[in-house]
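Thanks for making time this morning; I would like to walk you through one model, beginning with a single side chain and then stepping back to the chain as a whole.

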Amino acid sequence: MGNVGELRVQAEFAGIGWDPIPVSQESDLGIDLFAQVCDERRFDRGLLVGVQVKAGESFFAKPKRGPGGAVIGWWYTDDDSKHVDGWANHSIPVLLVLHDESEQRSYWVHVTSERIEVTGKGAKVLVPAHQILGAASLPELLAVAVSQRRPVSWEGSSLGEARHAISPRERLRHALLLPRLVAPHQNAGHGKEIEPEAGLALLLQARIRDYEVFADRYVQVPSLTEAAASSSWRWRLVSAFWRLVSEEDIAGLTELLESAPREDQRAATCVILASGLVEQGLINEANAVLSKEIQRDAASPLDHAWMLAHRAQVSLELGDMNAAREDAALAQAALSSDLGNLTASVIASASAQVLFRTAPWGVTAVVDYVRASDTVANWWRSQTMADAYREEVGRAFHTWSQKRSIVFSMDRAPYNQLRSALWMARLSALSDTWRGTASLLARQILVSISPDSNTEEVEEAIDLLRRAGNSSVLKDAVRRLRRGGPLQPLAKAVKKVPPMLPWPATAARGNLILWEVAGQLLEVEAADSAARSCLDLLQGVKRLAPFPGAAPERSDQIMYSLAGVLPGASIQVHREVRDYLTRFEPQDLPREEEGIRILLEGLDETVFDTLEKVVAWREAAENAALVGQISTRMLGLISTKDQRARELLLARIADGDPVALYVIGGSESLDPEVLRGLVTRYGRIVGELVADARRGAISLRGDDPARTLCFLNFACPEVADWEPILLLFRSSGAAHHYMRGSCLIMARKVVELPEFVSEQLRSILPEMGVIAEADSVIASMGESLGGAPLWLAAALGGLDEENVAEHIVRLVNGSWQERRDAVIFVGWLSRPGDTPLLVGMMQDENDQVRMEAVAELAKRANSSVRDFTAEAALTCAVQHDSVAIPLAVMQGSAAGDRLSATGRRAARELRGHPSARVRKLAQEVLKE
């Protein structure tokens, strides 16, 4: 019976793909056969397990039963424990198999010291009834087989001692995932020629100089240019990889994929090509390349898992969560026999990221994810990034300390090290790590901007933030470049956004943000395509791929993007936006309200060119679902074309709607009784603000009731009530943040100010300087009072030359708000001798200050009193590579009392500016 049982067990092992190797009956080693281990794909894993077979009814005579009486296993007994001890202490795992001839079924157990129970002199082992030898138990059997592997020690690996532990067929994968193990150490010198895999690892570490030294010293090592024409496939791969990381050129990789001499080389080339396609946003193409190779089913288990992990990440970008989870799970299963391999730990970490991201809420295995990510490879990658931080901080401190000694360092070290970490993350299919590293690299580039900076790198930084989906950093960075330049790389970066959907899930939010804050830099055709993509999203014609762990894009966020591209769009697109808003059905009105407001501000009013469109617009504005500011602002766009719209606005003004008062654009048509009621209403609100301030309470409102009251007082003097304004100016406390607007409007209309109000203000204003200096708490919540009292004091004639000089010096040396107010104050004074001060303020570190200075200089350059210094400054400002400064040039020119020859030249030049807003304003200035 024993021989028959052994033969049947051998057949069962063969059935799961394991090759049985019988042991000669002449030698009693306590093992009947060895089994050569293969995985589910029938790949030999280079492992053996020993098998001891026991067949016959006698071996099932000692069952163990559970609480319900069911058999849960059978005890195998060893009278002197010699056999079970030998199996447990064997150098390879040993399986004890009980074969039931009557049922043609075999049961197995891995004999370990933990499973042996001592029975006096002997011992026994339980063979579980649920462990049936067959395909269903293959994962557990593989885990047993892998348990014999001993981990490799990587201590000292940086100097290359562990490099010899990497087999030739694994060296390419190690070069791409763990280049430190393959590349010669940077302190090891160049005393021995390198193989192509070591050259590839050097490139991945951004050690280009080291590679060039090897190429110069050894004829067998081609230069990066010569490698492209090498007769060696391995060197040609080195050249193709270099073109990919340095020029984003994937040409040649497809040919190398098809001509790869070995399967490990083919798999590595597939991953490189797919990574390059993902870098270029060609997600579907990357998916096709990976799927083709996976379906060939010829790669080793590790390489197969590597490609599965990449396809899982690609599926995430396509929004296919189920496919991503399936591939990640398959990758982890394929790695079960190789967890001692460092590259396997990298791939397992990538798969764990996908499973973590796509797990249902509340069941995410955080512990498993953290454990899978806590790998030697991640530590080494973190070390690379830490080296970059250390270099960057050292350089920043050297600059800050203004030390004049020469510091010897690699100029590009931080950039190169972060680029290296970025590509390692991409090739490892670690998308989360790639996003984090991309954001760090982008910020490192941007904070290092200087007049000599490479604009291509600035473009790269914006593009990295876009593709990484880091919306908050991207928005801040683009606003900074838009205000201070350089503008050209920003214009190129926004043009990289694919105008048509679908988008990769990661980049979707970045694409929308870039359109929102830099869409005005698009040319008409691109702006039209972008606007129509936004409209498709808003109307549900298309949808963004969902990204795990992130909330779907809200309609108001898409509206901001649409508003961002609208300045450069054609009139036809403005009509399409008009039609969308006419049919608009709110989904989340509190959030959508701000998005629609911005859209309305950018909508070209000429789109209301027919009575039919005007009536449809008014009817949409009267929709009960659009009550509030949206409805009022919609009516304001047609108030000059439609009497009914104007009547509705007047009625809302009578009801106390401040927005209606703003959009109607004047008070001439308002009924005196309506004005009286408004004055009473806003006087009461201002009084309440003062009362709150005296109690120590801070009142925050969305509007400025004091400014509105001043406007109404000037609009209808016969019903004016100035006492609440004077009360506000006499008060102390938090109400002061409502004074700034009042100061501005009273200063502009000072000649219309009643004498009794002027007299009281002259007595109050000297105390306002102290108030302004103590205004830091309010400044943290809104706009500081700053130098606003000075504007009013100057207009009232309450400052002598000494006071003026003292206040200007104080403001110029204060916060950025105070420096901006200094520029405004100098503008109020209109003294030609202050022009050089304004020129100096053009170089202020704060963009708001610079813009205010440029606008005032442009105004002076277009004055009836010629100012040569202002004209020279205007000519200089026109050349500024930003949006903010040229826009300030045109705004200031429009405010001048005449358009000078210098102003006309500036406007003509700015008609070709990249920003649609600047171009439009330049055209308007020239028309005037």
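This is a predicted model: local features need pLDDT of at least 70, side-chain atom pairs count only at pLDDT 80 or more; totals for chains, interfaces and linings use all residues.

**Salt bridges and burial**

Arg-831 is partly exposed, with a relative accessible area of 24%, where partly exposed lies between buried, under 20% relative accessible area, and exposed, over 50%, using a 1.4 Å probe and protein chains only. Its salt-bridge partner is Asp-834, with the closest N and O atoms 2.9 Å apart, and Asp-834 counts as buried at 10% relative accessibility. By salt bridge I mean a side-chain nitrogen of Lys or Arg within 4 Å of a carboxyl oxygen of Asp or Glu.

Residues are numbered from 1 along each chain as its sequence is written, and side-chain values use heavy atoms, leaving out hydrogens and water.

Which side chain meets Arg-311 in a salt bridge? That is Asp-327, at 2.7 Å from N to O, and the pair links distant parts of the chain, with Arg-311 in helix 11 (residues 301–317) and Asp-327 in helix 12 (residues 321–334); helices here are DSSP runs of H or I with at least four residues, strands are E runs of at least two, and both are numbered from the N terminus. Arg-311 is buried at 16%, as is Asp-327 at 5%.

For the structure as a whole, the search finds 49 salt bridges, and the protein chain has 44 helices and nine strands, with 53% of its 928 residues counted as buried.
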